[in-house]
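Have the sequence and the model side by side.

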Amino acid sequence: MANYGTIPTSSSPGTSTKLEYISRAKERIKAGLGTRQPWKVMFNFRSFNFPGNLSEALKRVRTNIAYFTMNYAMVVLIILFLSLLWHPVSLIVFIVMGVAWVFLYFLRDEPLVVLGHTIDDRVVMIVLGVLTIFFLLLTHVTLNVLVSLLVGVVLVLIHGVTRKTDDLFLDEAATGLMSAPHAAAAGAGAGAGPSS
């Protein structure tokens with residue numbers, strides 16, 4: 001009776017492992033959603049106008065895609081989801097494959113091991129991609145999926161071209177707008193300060 005009055009920390013080793021996995025998954029999802037920008041910033045109507053030339057349009061698209069990546073992904077996935085509402089079997093396949101992607105690709109901390117062999121992440125991505133396309137093709141919604149993805153990409157490009165980037169606070173190195181020598185010089189120059 002030496003344990004009388006103590007509070008156990010976990011009921012069983014299997015339960016604590018499951019709880020750790022769930023908490024890690026929650027943190028990764030929160031971190032991924034944390035990169036989503038506020039919708040008010042994305043659709044600030046005062047920040048829309050047409051670019052002056054093609055190079056400005058391309059610069060805007062690159063900057064906006066870097067800044068609104070998660071928002072754009074959500075828009076495209078919602079359009080794809082809505083296009084599958086009238087095809088319940090395809091919607092079920094889409095949801096099942098989405099869950100497979102989340103657990104087999106996005107939420108893994110360790111390499112995938114099958115029958116004692118370690119599977120590379122690229123192989124997992126290729127297999128999941130091929131299976132997703134194959135199963136969606138089996139449900140006869142190929143044209144529907146292609147059209148919805150095309151609509152999503154067109155909407156992203158229209159927003160990317162017309163949304164001004166003056167008010168976005170994004171590290172220039174993250175957008176790829178500066179070349180490597182300029183980025184290195186900017187980083188070195190930032191810490192140099194004036195000499196006297």
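Helix H4 (69-83) and helix H5 (88-106) each supply at least two residues of a nonpolar patch. Helices here are DSSP runs of H or I, at least four residues long, and strands are E runs of at least two, numbered from the N terminus. The model is predicted: local features need pLDDT of at least 70, side-chain atom pairs count only at pLDDT 80 or more, and totals for chains, interfaces and linings use all residues. Residues are numbered from 1 along each chain as its sequence is written, and side-chain values use heavy atoms, leaving out hydrogens and water.

The patch lies on the surface and consists of Ile78, Phe81, Leu82, Leu85, Trp86, Ile95, Val99, Val102, Phe103 and Phe106. Together they have about 970 Å² of accessible area, by the Shrake-Rupley method with a 1.4 Å probe, where only the protein chains shown count as cover for residues. Like charges are joined within 9 Å, and nonpolar side chains (Val, Leu, Ile, Met, Phe, Trp, Tyr) within 5 Å. H5 gives the most to the patch, with five residues.

Take leucine 82, in helix H4. It counts as partly exposed because its relative accessibility is 42%; buried means under 20%, exposed over 50%, and partly exposed in between.

What does the record say about this stretch? An unreviewed UniProt entry lists residues 65-85, 91-107 and 143-161 as "transmembrane region". Such annotations may be inferred rather than shown by experiment. Residues 65-85 are 86% helix and 0% strand, with end C-alpha atoms 27 Å apart. For residues 91-107, the span is 94% helix and 0% strand, and the ends lie 22 Å apart.

Now go inside. The largest nonpolar core has 12 residues, including Leu80, Met97, Trp101, Val124 and Leu128. A core is a set of buried Ala, Val, Leu, Ile, Met, Phe, Trp, Tyr and Cys residues joined through side-chain atoms within 4.5 Å. H5 and helix H6 (121-138) each supply at least two residues of this core. H5 gives the most, with five.

Finish at leucine 112, in strand E1 (residues 112-114). At 23% relative accessibility, leucine 112 is partly exposed. Beyond its neighbours within four places in sequence, leucine 112 is in contact (heavy atoms within 4.5 Å) with Leu104, His117, Thr118, Ile119 and Val124. The C-alpha atoms of leucine 112 and valine 124 are separated by 8.3 Å.

Definitions and conventions: Patch = residues over 30% accessible without salt bridge, like charges linked within 9 Å, V, L, I, M, F, W, Y side chains within 5 Å. Salt bridge = Lys/Arg side-chain N within 4 Å of Asp/Glu carboxyl O. Buried < 20%, exposed > 50% of the residue type's maximum accessible area, 1.4 Å probe, protein only.
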